[in-house]
Amino acid sequence: MTSKRLAFDMDRVIVDTYSGQKTWLADNYPEFMDQANGRYFREFLPESIFAELWDMLLEGHFFSTLEPMPGAVSTLEKLTKNYELLIVTAGTMFPNSCAPKIEWVKTHLPFFNHENVVLCSNKSLILADYLIDDQYKHLEHFTGKGILFSSSPTQAPVNCPIVKSWRDIDSFDF
Ligand SMILES: [Mg+2]
């Protein structure tokens with residue numbers, strides 16, 4: 001029997017991208033910090049400031065500086081024993097992030113087969129049994145089963161299970 005294939009998004013699922021972006025905001029525009037309570041930055045930053053943040057993401061180095069989400073490393077290591085794992089991350093949207101992201105995986109997830117990192121923004125192309133992602137738009141057209149990773153209340157109803165943390169993933173019945 002072949003093992004199930006689980007695909008994980010990287011930013012805001014495996015990697016604590018949000019904390020990294022909040023550090024950037026605190027350093028540059030601390031007056032907006034009180035609005036960064038889990039909301040996506042594009043939802044509350046003025047367009048010109050969001051453009052600066054976007055430029056920082058496009059430069060790429062930022063992605064090598066981030067910490068793992070709590071529990072991500074140990075749970076992924078455990079799942080590796082029973083499932084085929086993929087990491088699917090929007091590298092094509094941020095071309096300069098590709099090398100930093102692969103390095104991040106090698107550094108923080110030494111047990112993970114880095115050849116299973118898929119740098120692709122169109123996640124409907126991915127063939128897997130499950131996709132765990134923090135953005136519902138990536139799950140809507142995914143051909144397997146989607147799981148939304150979200151610790152904040154979802155704004156619109158979603159047609160899939162929701163997990164709030166890696167503890168929830170650890171106990172999920174795949
Ligand atoms: Mg994400």
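Which strand holds V163? It is strand β6, residues 162-163, and a legend below zooms in there. A couple of ground rules come before the views. This is a predicted model, with residues numbered from 1 along each chain as its sequence is written, and side-chain values use heavy atoms, leaving out hydrogens and water. Local features need pLDDT of at least 70 and side-chain atom pairs count only at pLDDT 80 or more, while totals for chains, interfaces and linings use all residues.

**View 1. The whole chain, for orientation.** The chain has 7 helices and 6 strands; these are DSSP runs numbered from the N terminus, H or I of at least four residues for helices and E of at least two for strands. Reading along the sequence gives β-α-α-α-α-β-α-β-β-α-β-β-α. The C-alpha trace spans about 55 × 35 × 30 Å along its principal axes. A compact globule of 174 residues would have a radius of gyration near 16 Å, and the chain agrees with its 16 Å; the radius is taken over C-alpha atoms, and the globule rule is 2.2 Å times the number of residues to the power 0.38. Of the 174 residues, 44% are buried, where buried means under 20% relative accessible area, exposed means over 50% and partly exposed is in between (1.4 Å probe, protein chains only). Among contacts with a separation of 6 or more, 61% come from residues 24 or more positions apart; a contact here is heavy atoms within 4.5 Å.

View 2. D9 (OD), D11 (O) and D134 (OD) coordinate the magnesium ion at 2.0 to 2.2 Å. Donors are N, O and S atoms within 2.8 Å of the metal (3.2 Å for Na, K and Ca), and water is not among the atoms, so sites may look incomplete. Along the chain, the donor spacing reads D-x1-D-x122-D.

**View 3. R12 and its backbone angle.** R12 lies in the loop between β1 and α1. What is the phi of R12? It is positive, about 70°, although R12 is not a glycine. For background, most residues other than glycine have a negative phi. R12 has a relative accessible area of 17%, so it counts as buried.

View 4. With a relative accessible area of 3%, V163 is buried. Setting aside residues up to four places away in sequence, V163 touches I147, L148, F149, S150, D168, I169 and F172. S151 is 12 residues from V163 in sequence, with 7.5 Å between their C-alpha atoms.

View 5. F174 is found in the segment after α7 (166-170). Is F174 buried or exposed? F174 is buried, at 8% relative accessible area. Its contacts, leaving aside neighbours within four places in sequence, are K4, L6, L79, Y83, Y130, I132, I147 and I169. K4 is 170 residues away from F174 along the chain, yet their C-alpha atoms are separated by 8.1 Å.

**View 6. H108 in helix α5.** H108 belongs to helix α5, residues 98-108. Its relative accessible area is 23%, so H108 is partly exposed. Not counting residues up to four places away in sequence, H108 touches L66, P68 and V73.
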